Amino acid sequence: MTIIGIAGGSGSGKTTVVKRIAKALPPHCVAVVPIDSYYNDTTGMTPEERRNINFDHPDAFDWKLLTEQVNMLRRGEAIEQPTYSYVESNRQKETVHVEPKPVIIIEGIMALHHKKLRDLMDLKIFVDTDSDVRLIRNIRRDVVERGRTVEMVLDHYESAVKPMHEQFIEPTKKFADLIVPWGGDNRTGIHILKTYIQGIVTGV
């Protein structure tokens, strides 16, 4: 089994990179574990307390559960991956059944932050995109998919996304084995990645 971590700032294009890699492999060969599914369970919090959570800070994630489940997959055991609602800012009762596959991709802004998780990875990738491009993508996504206003997105970007990126995400670039500039727009970089990973799967 090969475990790959793919990190990058919010709006960097890392999800596009993951989708293109996954699409290039047979479905039975790859499973994607999104870190966004592993936000802490906030059932005991009030709605106001949930609204005050900084979801761009490492403390917002359940690293213990994530690391345990990645270890389970590595041992050949299936997991019940948690699901998370951005509307309710809480973990849902429903889970996603994930079977162990030859390639496990761990994807998210903090994919390379936690050392115990990082130590499980065979390949570490950082998707690097200019801040202005990431901001534009964040605006488009949050306005269309999450019903936020442009002003709300900009306020959140200034107060949380940008400072957390500079403090916690950008520094993880030093742990990457490979840096992919421009995310999903870097077709050459993605092609090289896909070819490399296909070689791992086929043993070539």
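Reader: What should I keep in mind about the numbering and the model?

Author: Residues are numbered from 1 along each chain as its sequence is written, and side-chain values use heavy atoms, with hydrogens and water left out. The model is predicted, so local features need pLDDT of at least 70 and side-chain atom pairs count only at pLDDT 80 or more, while totals for chains, interfaces and linings use all residues.

Reader: Happy with that. What makes β2 and β5 a pair?

Author: Two strands pair if DSSP finds at least two bridges between them, and β2 and β5 (residues 103-107) have five, in the parallel sense. Strands here are DSSP runs of E with at least two residues, helices are runs of H or I with at least four, and both are numbered from the N terminus.

Reader: Which sheet does that pair belong to, and in what order do the strands come?

Author: An open sheet of five strands, in the order β2-β5-β1-β6-β7 and with parallel pairing. Its edges are β2 (30-34) and β7 (178-181), each of which pairs on one side only. On average, neighbouring strands are turned by 20° against each other, direction ignored.

Reader: How do you know that β6 is mostly covered?

Author: A residue is buried under 20% relative accessible area, exposed over 50%, and partly exposed in between, with a 1.4 Å probe and protein chains only. In β6 (residues 123-128), five of the six residues are buried. This strand pairs with β1 (residues 2-8) in the parallel sense over five bridges, where A7 stands opposite F126. Four bridges join β6 to β7, again in parallel, and I125 stands opposite L178 there.

Reader: Why is L178 called partly exposed?

Author: Its relative accessibility is 34%, so L178 counts as partly exposed. Leaving aside neighbours within four places in sequence, L178 is in contact with K124, I125, F126 and L193; contact means heavy atoms within 4.5 Å.

Reader: And why does Q69 count as buried?

Author: Q69 has a relative accessibility of 7%, and therefore counts as buried. This residue sits in helix α3 (residues 63-74). Not counting residues up to four places away in sequence, Q69 touches Y38, I79, E80, Q81 and P82.

Reader: What makes β3 and β4 antiparallel partners?

Author: Six bridges join β3 (residues 79-85) to β4 (residues 90-98), and the two run antiparallel. Y84 has R91 in β4 as its bridge partner. Together the strands form a hairpin with four residues between them, and S89 in the turn has a positive phi of about 55°.

Reader: Now the helices: why are α1 and α7 called oblique?

Author: Helix α1 (residues 14-24) and helix α7 (residues 187-202) pack at about 40°, with axes 10 Å apart. Axes are lines fitted to C-alpha atoms, for helices over the stretch in contact, and angles run from 0 to 180 degrees between N-to-C directions. Under 35 degrees is roughly parallel, over 145 roughly antiparallel, 65 to 115 roughly perpendicular, and the rest oblique. The two helices are therefore oblique to each other.

Reader: Which residues meet there, and of what kinds are they?

Author: V17, R20, I21 and A24 in α1 meet R187, I190, L193, K194, I197 and Q198 in α7. They divide into six nonpolar, one polar and three charged. Ala, Val, Leu, Ile, Met, Phe, Trp, Tyr, Cys and Pro count as nonpolar, Asp, Glu, Lys and Arg as charged, and the others, Gly among them, as polar.
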